[in-house]
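Colleague: I would like to learn how to read strands, sheets and helix packing in a model. Can we take it feature by feature?
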Amino acid sequence: MSAAHTVLREVFGYEQFRGPQQAIIDHVVDGGDALVLMPTGGGKSLCYQVPAIVRQRAGLGITIVVSPLIALMHDQVGALHESGVEAAFLNSTLSYDEASDVERRLLRGEITLLYAAPERITTPRFLSQLDSLHERGMLSLFAIDEAHCVSQWGHDFRPEYRALTVLHERYAGVPRMALTATADATTRADIVERLQLQDAGQFVSSFDRPNIRYTIVEKKEVTQQLLRFIEREHSTPQGHDAGVVYCQSRKRVEELAQTLCENGFNALPYHAGLDAAVRQQHQDRFLREEGIIMCATIAFGMGIDKPDVRFVAHVDMPKNIEGYYQETGRAGRDGAAANAWMAYGLQDVVNQRRMIDESPASEEFKQVMVGKLDALLGLAEAIDCRRVRLLSYFGQASTPCGNCDNCLTPPAVWDGTDAARKLLSTIYRVQQASGISFGAGHIMDILRGKTSDKISQFGHQQISTFGIGAEFSEQQLRGVLRQLIAIGALAVDAQAFNTLQLTESSRAVLRGEVPILLRQATASAPASRSKRGA
Ligand code: ADP
Ligand code: ZN
């Protein structure tokens, strides 16, 4: 039996490695660098814990684990102690004396795994301690957890991670591994470049979470839609399931928590504007009690390991697919059936665009963000399997899953090509006639031949497309507009009252060269046929 296998059995009490663990561990035990992409719950921790122990036993010294999450450090060190492994952490929760004690043990080589926050690692004091270990050949491995934090394209950029370049510059011979549960191609490339992992072995697991059922609905009255969803899918006479409802704003978090409570659900708010003590209390209750629904901003969730979260709902559209995947991934860690439910609308797209446009970031950065938002919108508007789309975003091919809304209830499709051409040509003609651009509502009014003060004021009933789209409902046209924005055939100018502007790609659509296929809007949210706990 290999040394790694012995450690797995004797220290951790597991019989077998899971999925790619063995390959990763063998590679790192042998001193290779590694980039590990594994979905949440896949078993990343063992990938560095086992090599740390094997290499320490072989006299190679200490493993330093970089982790951004204090709570997670505590949990892991506690669990390692229970398994008889010498582990410790250095972070801001320690007193001076406690920290000094850890440092003494570190320098004597009495520790196998040392967890430290990134900002700690790059202090002169800590670096001189690492120097001392390095000179004596006692620095065995660096494990960089949550490695996507190094990338500004990732959804959780932490500037402190940038300074980790010091590791390969200063300790060139010491193997490094970077681990993350979320990274699309752009983020992955960034991690490789920032952490100099060009020669590292890349280990990419399947990102599929087969027990999660994906459902994405168009927003109508989102609070009612959410209540119906929870009642239908997650309530029994005995009580309701635990879940998380993500909202965009703190205000919305508070409102929704209250509404849920008024409707008989056990809901709590969580956002960064709440007192630290209140946040902690709500988090503890969510973890300990049964059937709590946490209404939260994205401030909630990282590092929270609750296996029986039965649903994650988004009442507002997240920024991108990585965020969506990360957040929905908190459902069903125990492997039992779980739901990921999201509602989205044109307003979400407009808001997200505005946030990007108004951010002080560089043009390049904004372009990347826009691309990522479009990809998420593409997922929302998809008429085929959600899982196939999601996995292909992470570079993984798959076949229709049978466990998403589109697979279970294939949406009716309508051909919006004609509507799209009429919309674009209305925008063009109005711009020609008036010399200024208008927003979605006004354009739709013209196309549908409605009369309004604004239309009379600008004389827009003279526009040749006035009323030629009377057969389209406003909802249908909104769908077409979203799609046009998603494919870049239409731009929203946030600097000018969210007016709609034609783009380079508008032309191909105007010429009818780009088919625009859309989900047929249904009167009520499509009922999914899930059986609870199936
Ligand atoms: P991640 O960090 O990737 O989210 P963890 O490292 O926390 O995942 O592992 C998830 C769970 O799977 C943990 O409870 C862990 O003990 C368990 N686990 C990991 N590897 C194995 C294995 N080879 N055999 C059995 N259980 C495992
Ligand atoms: Zn599917």
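Colleague: Take strand β13 (residues 293–296). Are I293, C295, M294 and A296 buried or exposed?

Modeller: First, the basis. This is a predicted model: local features need pLDDT of at least 70, side-chain atom pairs count only at pLDDT 80 or more, and totals for chains, interfaces and linings use all residues. Residues are numbered from 1 along each chain as its sequence is written, while chains are lettered from A and ligands numbered from 1 in the order in which they are written.
Now the terms. A residue is buried if 20 or more other C-beta atoms lie within 10 Å of its own, exposed if 12 or fewer, and partly exposed in between, with C-beta atoms placed from the backbone. Strands (E, at least two residues) and helices (H or I, at least four) are DSSP runs, numbered from the N terminus.
In β13, I293 and C295 on one side are buried, and so are M294 and A296 on the other. Both faces are covered.

Colleague: Which residue stands opposite M294 in β13?

Modeller: The general idea: strands of a sheet pair through backbone hydrogen bonds, either parallel or antiparallel. Here, two strands pair if DSSP finds at least two bridges between them. V244 is the residue opposite M294. Strand β11 (residues 243–246) runs parallel to β13, joined by four bridges. In that pairing, Y246 has A296 as its bridge partner. Strand β12 (residues 267–270) is also parallel to β13, again with four bridges. There, Y270 stands opposite A296.

Colleague: What is the strand order of the open sheet?

Modeller: Six strands, paired in parallel: β8-β15-β14-β11-β13-β12. β8 (212–218) and β12 are at the edges with a single partner strand each, so one side of each has no neighbour in the sheet.

Colleague: Where is C261, and how far is C261 from I293 in space?

Modeller: C261 is in helix α11 (residues 250–262). C261 has 15 other C-beta atoms within 10 Å, so C261 is partly exposed. C261 and I293 are 32 residues apart in sequence, yet 9.5 Å apart in space, C-alpha to C-alpha.

Colleague: At what angle do helices α18 and α21 pack?

Modeller: Two packed helices are described by the angle between their axes and the distance between the axes. Axes are lines fitted to C-alpha atoms, for helices over the stretch in contact, and angles run from 0 to 180 degrees between N-to-C directions. α18 (residues 417–434) and α21 (residues 474–486) pack at about 75°, axes 10 Å apart. They are therefore roughly perpendicular (65 to 115 degrees).

Definitions and conventions:
Angles under 35 degrees count as roughly parallel, over 145 as roughly antiparallel, 65 to 115 as roughly perpendicular and the rest as oblique.
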